Amino acid sequence: MELREKYNIPCRTVITVAGTVGAGKSTLTRALAEALNFRTSFEKVDTNPYLDKFYNDFKRWSFHLQVYFLAERFKEQKRMFEYGGGFVQDRSIYEDTGIFAQMHYEKGNMSAVDYETYKNLFEAMVMTPYFPHPDLMIYLEGDLEDILERIKKRGRPMEQQTPVEYWIEMHKRYEQWINSFNACPVLRLNINEYDLFQNKDAIEPIVERIGYMLQQVATVKNKRDFISNPDFA
Ligand SMILES: Nc1ncnc2c1ncn2[C@@H]1O[C@H](COP(=O)(O)OP(=O)(O)O)[C@@H](O)[C@H]1O
Ligand SMILES: Nc1ncnc2c1ncn2[C@H]1C[C@H](O)[C@@H](COP(=O)(O)O)O1
């Protein structure tokens with residue numbers, strides 16, 4: 001029996017994987033999509049026309065990069081819902097604003113006017129009743145030392161030349177951000193709790209936790225619907 005059926009995960013589910021750079025989002029996205037027989041939505045790092053330039057000069061390219069990411073992420077969001085779901089997404093749209101744009105504004109890399117323009121755009125596109133939020137966010141959390149090790153191991157040149165303070169600041173912001181995130185249900189996963197390289201079966205307990213969480217969310221929603229309209233429940 002397929003894992004998706006075994007753990008009662010609806011075939012239209014949209015799961016987004018969040019976490020700081022190097023946490024293991026792409027690796028988990030790939031493994032999870034394979035296990036569930038879902039499509040993937042990846043960030044395209046190699047074809048991003050601003051990313052290299054941005055790492056060389058944050059002040060010059062912050063605004064351009066954020067607008068680019070927002071547009072790309074929004075197109076992906078549309079694509080996932082046009083397919084009718086069944087996706088695992090590598091990084092959520094909420095991290096662009098809640099982590100990156102805010103951090104670069106507060107560090108003085110983006111002007112107040114540019115930040116305001118970006119936030120207005122984000123709110124008009126995303127914070128509306130028409131925007132389809134994912135069914136679940138998997139948040140990857142890990143110790144700073146492990147994250148730094150993974151960034152080093154992956155070895156993207158633009159990330160290697162970036163001062164370590166950048167990753168420390170990002171790690172701290174992620175921990176604060178996730179505690180107040182409420183756009184969709186969150187499943188927290190510690191990166192030391194599983195090892196997809198050593199053990200292929202490590203994905204099954206993760207799928208089981210996803211299934212359990214989605215069922216809990218559905219139960220709460222049914223109860224809420226019943227209370228607000230008992231005649232139609
Ligand atoms: N479970 C894991 N155990 C050990 N290394 C991992 C694990 N998951 C990912 N990695 C490694 O960590 C690095 C970053 O992973 P990646 O999936 O690219 O992270 P992200 O997409 O969050 O930036 C890569 O070198 C990857 O091979
Ligand atoms: N919104 C963003 N602003 C700045 N940089 C970003 C944003 N989204 C992703 N990035 C960077 C961070 C990494 O260098 C690459 C890919 O991210 P990863 O976490 O490795 O998937 O893009």
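A residue is buried if 20 or more other C-beta atoms lie within 10 Å of its own, exposed if 12 or fewer, and partly exposed in between, with C-beta atoms placed from the backbone. By that count, buried residues make up 30% of the 233 residues in the chain.

The model is predicted: local features need pLDDT of at least 70, side-chain atom pairs count only at pLDDT 80 or more, and totals for chains, interfaces and linings use all residues. Residues are numbered from 1 along each chain as its sequence is written, while chains are lettered from A and ligands numbered from 1 in the order in which they are written.

**Exercise 1. Describe the chain as a whole: what are its secondary structure and its radius of gyration?**

Step 1. Take the secondary structure. The chain has 10 helices and five strands. Helices (H or I, at least four residues) and strands (E, at least two) are DSSP runs, numbered from the N terminus.

Step 2. Compare with the globule rule. The radius of gyration, taken over C-alpha atoms, is set against 2.2 Å times the number of residues to the power 0.38. The chain comes out at 18 Å, close to the 17 Å that the rule gives for 233 residues, so it is as compact as a globular protein of that length.

Step 3. The C-alpha trace spans about 55 × 45 × 30 Å along its principal axes.

Step 4. Look at contacts. Two residues are in contact if their C-beta atoms, placed from the backbone, lie within 7 Å. Of the contacts between residues at least 6 apart in sequence, 78% join residues at least 24 apart.

**Exercise 2. How do helix 4 and helix 5 pack, and which residues meet?**

Step 1. Two packed helices are described by the angle between their axes and the distance between the axes. Here axes are lines fitted to C-alpha atoms, for helices over the stretch in contact, and angles run from 0 to 180 degrees between N-to-C directions.

Step 2. Read the values. Helix 4 (residues 58–82) and helix 5 (residues 93–106) pack at about 170°, with axes 10 Å apart.

Step 3. Classify. Angles under 35 degrees count as roughly parallel, over 145 as roughly antiparallel, 65 to 115 as roughly perpendicular and the rest as oblique. Helix 4 and helix 5 are therefore roughly antiparallel.

Step 4. List the partners. Helix 4 brings Phe58, Ser62, Gln66, Phe69, Leu70, Arg73, Phe74 and Gln77; helix 5 brings Ile93, Asp96, Phe100, Ala101 and His104. These residues divide into seven nonpolar, four polar and two charged. Ala, Val, Leu, Ile, Met, Phe, Trp, Tyr, Cys and Pro count as nonpolar, Asp, Glu, Lys and Arg as charged, and the others, Gly among them, as polar.

**Exercise 3. At what angle do helix 4 and helix 6 pack?**

Step 1. Read the values. Helix 4 and helix 6 (residues 112–125) pack at about 5°, with axes 10 Å apart.

Step 2. Classify. The two helices are therefore roughly parallel.

Step 3. List the partners. Phe63, Gln66, Val67, Leu70 and Phe74 of helix 4 touch Asp114, Tyr118, Leu121, Phe122 and Met125 of helix 6. The tally is eight nonpolar, one polar and one charged.

**Exercise 4. Follow the chain through Arg91, Ser92 and Ile93: where is each placed?**

Step 1. Start with Arg91, in the loop between strand 3 (87–90) and helix 5. Its phi is positive, about 80°, although Arg91 is not a glycine. Arg91 counts as buried, with 23 C-beta neighbours inside 10 Å.

Step 2. Move to Ser92, in the loop between strand 3 and helix 5. Ser92 is buried, with 24 other C-beta atoms within 10 Å. Leaving out residues up to four places away in sequence, Ser92 touches Thr16, Ala18, Pro134 and Met137.

Step 3. End at Ile93, in helix 5. Ile93 is buried, with 23 C-beta neighbours inside 10 Å. Beyond four places in sequence, Ile93 contacts Arg73, Phe74, Gln77 and Val126.

**Exercise 5. Is Asn37 buried or exposed?**

Step 1. Count. Asn37 has 12 C-beta neighbours inside 10 Å and counts as exposed.

Step 2. Check the backbone. Phi of Asn37 is near 60°, a positive value in a residue other than glycine.

**Exercise 6. Which elements do the buried residues of helix 10 pack against?**

Step 1. Identify the buried residues of helix 10: Ile206, Ile210, Gly211 and Leu214.

Step 2. Name the partners: strand 1 (14–18), helix 2 (25–36), strand 4 (136–141) and strand 5 (186–190).
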